[in-house]
Amino acid sequence: AGRGWRAGFLDSGDLAAFVEAQRTARWPRDEPLLVVVDYAARRARALNGWLQSLARRADPARPRLRLLLLERHAAPSEGWWAELLRLEGSDDRLYDLLDPFAPVPLPPLAATRQRRALLAGIMAAWCERHGKPVLAPPAAGADPLFDRRLADPALAAEPLYLMMAGLVAARHGLATLLSLGRLDLALEPACWERDRLVRLAADRGVNEKLLVHLVACVTLGRGLERAGLAALIEAERAALPYEAGTERDR
């Protein structure tokens, strides 16, 4: 942002609009744009169409456009990456857009100082958000037991594990963090979200069990378009033994 770039995530609905090529000619004329696409494997075919369009319409006079594609795994010669680079005819201009040419694996958090910094950042963010005094993990060498756990090789490739640990430590203290296992650290934030949904249901007169169930369905499905949500609600309400509601349950 400090260099004048606009940046943001592109969801499925916006991606369809971009692929239709109706908006590719309307980039802000004075601002370069960074578009981040998560779960890129699920959108490889649509992205391929967009990239083909961009390759054919390259214009040095336009502001810079960068795409950052994120995915858990990527092989250079197969899978979603190969589908992404599928060419139509003999036009190879699409390859000119790649920089670098092959997927770049993110390195694990091997250094304990990186792990400690991530943990500290999450703890500070949670405390500030909830108006609590900022907590921080102990400095290196101050707590040998904590240092040993932070140096666990299993944490090297698991930033999410450290983030959950930071949330739990900020809320319950570092002693709780040291006593909980991996599954407990995952269940704790899940229980917080469940309790939030229960309060939300109570405030709005909605069946809390049905609401929690529906949120679980949408989460496991990695999201759901609004058009399909009403059908899911009706189907689950009819199939489950929860008390039938009226329009208020919508």
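A residue is called buried under 20% relative accessible area, exposed over 50%, and partly exposed in between, with a 1.4 Å probe and protein chains only. At 46% relative accessibility, Pro108 therefore counts as partly exposed.

The model discussed here is predicted: local features need pLDDT of at least 70, side-chain atom pairs count only at pLDDT 80 or more, and totals for chains, interfaces and linings use all residues. Residues are numbered from 1 along each chain as its sequence is written, and side-chain values use heavy atoms, with hydrogens and water left out.

**Overall architecture**

The protein contains ten helices and three strands, where helices (H or I, at least four residues) and strands (E, at least two) are DSSP runs numbered from the N terminus. Along the sequence these elements follow the pattern β-α-β-α-β-α-α-α-α-α-α-α-α. Of the 250 residues in the protein, 28% are buried. A contact means heavy atoms within 4.5 Å; among contacts between residues at least 6 apart in sequence, 63% join residues at least 24 apart.

**The Pro108 loop**

Pro108 lies in the loop between helix 3 (79-84) and helix 4. Leaving aside neighbours within four places in sequence, Pro108 is in contact with Gln114, Ala156 and Ala157. The C-alpha atoms of Pro108 and Leu155 are separated by 8.6 Å, although these residues are 47 residues apart along the chain.

**Nonpolar cores**

A nonpolar core is a set of buried Ala, Val, Leu, Ile, Met, Phe, Trp, Tyr and Cys residues joined through side-chain atoms within 4.5 Å. The largest has 18 residues, and Leu119, Leu177 and Leu185 have the most contacts inside it. Helix 4 (112-129), helix 5 (144-150), helix 6 (159-172) and helix 8 (182-204) are the elements that give two or more residues to this core. Helix 6 gives the most, with six residues. Apart from this core lies another, of 17 residues, among them Leu15, Ala44, Leu47 and Leu98.

Not counting residues up to four places away in sequence, Leu185 touches Arg149, Tyr161, Met164, Ala165, Val168, Leu177 and Leu180.

The expected span of a helix is 1.5 Å times one less than its number of residues. The table sets out two helices by this standard.

| Helix | Residues | Length | Span, first to last C-alpha | Expected span |
|---|---|---|---|---|
| Helix 2 | 44-56 | 13 residues | 18 Å | 18 Å |
| Helix 10 | 226-239 | 14 residues | 20 Å | 20 Å |

In helix 10, Leu232, Ile233, Glu236 and Arg237 are buried. Seen down the helix axis, the buried residues of helix 10 fall within an arc of 120°, so they line one face of the helix; the arc is that of the directions from the helix axis to the C-beta atoms. These buried residues pack against helix 9 (208-220). On the other side of helix 10, Ala227, Ala231, Ala238 and Ala239 are exposed. In helix 2, the buried residues include Ala44, Leu47, Trp50 and Leu54.

**Aromatic rings**

Rings of Phe, Tyr and Trp (its six-membered ring) pair if their centres lie within 6.5 Å; planes under 30 degrees apart count as stacked, over 60 as edge-to-face and the rest as tilted. The count by this rule is one aromatic pair. Trp80 and Trp81 form this edge-to-face pair, at 5.7 Å centre to centre and 90° between the planes. Both Trp80 and Trp81 are buried.

A charge sits over a ring if NZ of Lys or CZ of Arg is within 6 Å of the ring centre and within 35 degrees of the ring normal. Arg42 lies over the face of Tyr39, at 5.4 Å from the ring centre, and Arg171 lies over the face of Trp192, at 4.5 Å from the ring centre.
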